[in-house]
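Have the model open and follow along as we go.

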Amino acid sequence: MAEINHAIKGTNDVLPKESYKIQFVENIMLSTAKLYGFREIRVPVFEHTEVFSRNVGDTTDVVQKEMYTFDDKGGRSITLRPELTAGVVRSSIEHGLIYDALPQKVCYIGGCYRYEKPQAGRLREFHQFGIECLGASSPAADAEVICVANQVLSTLGIKKISLQINSIGCPICRKNYQQALKEYFEANIDELCDTCKDRLQRNPMRILDCKSPVCSKLAANAPKVIDFLCDDCKEHFEGVKKHLDSAGLKYTINPQIVRGLDYYTRTVFEFVSGDIGAQSTVCGGGRYDGLVEQMGGNPTPALGFGMGIERLLLLMENQETEIPDDTTCDLYIAPMGENAAYEATKLSSILRSDGFEVATDVCGRGLKAQMKYADKIGAKFTMVIGDNELESKKAIIKNMKTGDTAEISLDNIGDEFIKTFSQTYLDNLTDTVMDFGN
Ligand code: ATP
Ligand code: MG
């Protein structure tokens with residue numbers, strides 16, 4: 001019984017008093033992406049398990065330990081998406097996007113599911129905003145994708161966040177690098193954690209991602225992938241840096257960044273902040289030139305990023321970033337008596353179709369209780385209607401902040417309320433300007 005009264009560990013409820021913050025953030029994400037031509041794509045929350053197990057990489061933490069996988073009633077192996085790129089690529093091949101005008105630019109916001117140890121900034125259900133650019137091989141595309149993430153973060157007012165970039169090359173340069181890494185870690189094999197001993201055989205680059213202190217200390221002195229790049233990859237990386245310079249972005253090159261998923265090639269990047277504790281990466285992404293072909297499409301260079309929305313909100317909270325307050329109720333209409341209640345319904349519906357947020361009594365309460373409620377929901381104006389008002393077709397509207405009152409005609413409520421409301425708004429504006437003047 002206790003269980004049905006609690007959300008599952010690692011999941012969050014977003015209550016009405018908080019949801020406006022997420023809406024604010026998500027609106028900026030989608031509208032910023034649109035400035036660069038990225039349009040929303042929506043893909044299912046669950047896919048055939050192979051969509052992830054074969055493409056995210058079977059030596060990654062995500063696939064090895066973190067996926068929510070189950071058999072459905074038809075005996076199919078199903079997985080709740082741990083990220084969206086694989087599903088988006090699956091969909092783009094299935095619906096021929098990659099055979100249409102290239103590049104195809106898509107963006108998404110959606111829930112992701114990973115069986116991880118819940119802690120600050122690490123959940124079992126979390127949400128990602130992300131973009132994918134399919135069919136673009138030039139370094140200009142890498143910079144454009146990075147610029148989208150950067151502009152989202154700066155529009156939101158995030159401070160002190162650093163962009164770190166690296167290149168992990170193509171399968172050709174990586175072969176030599178993997179060999180050098182293997183030799184380096186083999187010489188220190190006794191110090192590696194058990195998981196990394198296994199990684200050493202299967203995918204030594206994963207060791208660079210290990211969070212255990214000993215392994216990460218060893219990793220800091222390991223050979224750097226950037227020293228093993230072939231000429232093409234080197235040239236590409238130089239191009240990315242030049243385009244980032246042209247866009248005015250500051251970045252540091254961090255040879256430690258290899259990213260958690262297998263499908264990356266060449267450019268990888270992260271936006272990292274010291275203001276959110278251990279889970280410091282807010283956004284991670286990169287190029288994945290081999291993935292589309294691996295998933296059955298024509299060879300198509302591509303890249304993208306994923307940004308953790310909860311982690312971003314945590315950062316905004318820690319940095320006390322301002323989020324515009326949810327607009328509260330514009331007007332509370334308090335009817336007294338049955339006839340007044342009908343009038344209140346009529347007036348409310350007129351004003352709501354004019355775009356005002358209006359509340360009226362839906363509980364059959366007396367005047368005192370209604371006013372208490374109006375105060376609680378932060379109504380900007382209140383208006384009482386009883387028999388006198390019904391007869392005179394006039395009512396008093398009260399500004400709850402200043403206490404000012406004005407008489408308005410009920411027959412012409414739309415126009416009159418707009419007048420009073422916008423006058424107050426202008427007064428507020430003048431006050432603010434005067435404040436700045438001081
Ligand atoms: P980490 O190193 O923190 O585990 P990751 O490399 O697994 O991150 P990605 O797969 O690149 O993360 O996902 C992109 C972004 O999604 C991360 O930068 C982060 O902001 C967010 N994210 C990833 N896992 C979680 C999680 N369990 N809870 C909340 N946000 C997450
Ligand atoms: Mg992870």
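## Aromatic rings

Rings of Phe, Tyr and Trp (its six-membered ring) pair if their centres lie within 6.5 Å. With that in mind, please note that this is a predicted model. One aromatic cluster is formed by Phe-129, Phe-269, Phe-271 and Phe-305.

In total, the structure holds 14 aromatic pairs. Take Phe-381 and Phe-417: their ring centres are 5.7 Å apart and the planes stand at 80°, so this pair is edge-to-face. Phe-381 belongs to strand β14 (residues 381–385) and Phe-417 to helix α15 (residues 413–437), so the pair ties together parts 36 residues apart in sequence. Both Phe-381 and Phe-417 are buried.

## A three-stranded sheet

Next, look for an open sheet of three strands, in the order β2-β4-β3 with antiparallel pairing. The edges are β2 (46–48) and β3 (68–71); each has a single partner strand, so one side of each has no neighbour in the sheet. From one strand to the next, the twist averages 30°.

Strands of a sheet pair through backbone hydrogen bonds. Here, β2 and β4 (residues 77–80) run antiparallel and are joined by three bridges. Glu-47, for instance, has Thr-79 in β4 as its bridge partner.

## An enclosed space

How many cavities of 30 Å³ or more are there? The count comes to one, and the largest cavity has a volume of about 40 Å³.

Its lining includes Tyr-177, Leu-208, Pro-223, Lys-224 and Gln-256. By class, the residues lining the largest cavity are eight nonpolar, one polar and one charged.

Methods: Residues numbered from 1 in each chain as written. Chains lettered and ligands numbered in written order. Predicted model: local features only at pLDDT ≥ 70, side-chain atom pairs only at ≥ 80, totals over all residues. Heavy atoms only, no water. 1 Å grid on protein atoms, 1.4 Å probe; cavity = no way out; pocket = protein on both sides within 12 Å on 5 of 7 lines; lining within 4 Å. Points joined across faces, edges and corners; volume = space filled by probe spheres on them. Nonpolar A, V, L, I, M, F, W, Y, C, P; charged D, E, K, R; others polar. Pairing = 2+ DSSP bridges. Helix = DSSP H or I, 4+ residues; strand = E, 2+ residues; numbered from the N terminus. Axes fitted to C-alpha atoms, helices over the stretch in contact; angles between N-to-C directions. Phe/Tyr/Trp six-rings, centres within 6.5 Å; stacked < 30°, edge-to-face > 60°. Buried < 20%, exposed > 50% of the residue type's maximum accessible area, 1.4 Å probe, protein only.
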